[in-house]
Amino acid sequence: MTDELIEIIIEGLQDSKARDIRVIDMRQLDEAAFQYFVVCEGTSSTHVLGIANKLIDFVQNKFGQHRQGIVGLQNRQWVAIDYGYLLVHIFQRETRDFYRLESLWEDAKITKVPDLD
């Protein structure tokens, strides 16, 4: 991974104590609408909301990149933040287990990012 935005996003997620971060590189898949997914989880609905809000500010302040869209802030089970060619998914564990995004895109290169603690 050499994409600077991905590195900033990972740093912001780790700073917010997001867990089990994965980067899914979908550039080789014809059917993919995004080049990358960054997937992670929070420990509660409050944590998911906190990760999302902090990440938006972190990316804007560190990289000058504004989000293009966001969904899921109301239910806080799954928040998706659109950065154009990259979509960040912040899940609660149960919701992540149910949708299994990594399995849906298993033909893509998936990189696991170590948790910091």
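1. Some housekeeping. This is a predicted model, where local features need pLDDT of at least 70 and side-chain atom pairs count only at pLDDT 80 or more, while totals for chains, interfaces and linings use all residues. Residues are numbered from 1 along each chain as its sequence is written, and side-chain values use heavy atoms, with hydrogens and water left out.

2. Back to H89, which sits in strand 5, residues 86-92. Strands (E, at least two residues) and helices (H or I, at least four) are DSSP runs numbered from the N terminus. H89 has a relative accessible area of 4%, so it is buried (under 20%; exposed is over 50%, partly exposed in between, with a 1.4 Å probe and protein chains only). Setting aside neighbours within four places in sequence, H89 is in contact (heavy atoms within 4.5 Å) with F37, V38, V39, C40, W78, V79, A80 and L101.

3. D25 also has a side-chain partner: a polar contact of 2.6 Å links it to the side chain of R27. D25 belongs to strand 1, residues 19-25, and is buried at 15% relative accessible area. Beyond four places in sequence, D25 is in contact with Q35, Y36, A108 and K109.

4. Now the helix pair. Helix 1 (residues 4-15) packs against helix 2 (residues 45-63) at about 135°, axes 9 Å apart; axes are lines fitted to C-alpha atoms over the stretch in contact, and angles run from 0 to 180 degrees between N-to-C directions. That makes helix 1 oblique to helix 2 (under 35 degrees is roughly parallel, over 145 roughly antiparallel, 65 to 115 roughly perpendicular, the rest oblique). On the helix 1 side, E4, L5, I8, I9, E11, G12, L13 and D15 make the contact, and on the helix 2 side I51, K54, L55, F58, V59, K62 and F63.

5. Not counting residues up to four places away in sequence, L5 touches V59, F63, Q65, Y83, Y85 and L86. The C-alpha atoms of L5 and E94, 89 residues apart along the chain, are separated by 28 Å.

Conventions: Polar contact = N/O pair within 3.5 Å; in protein donor to acceptor, adjacent residues only side chain to side chain.
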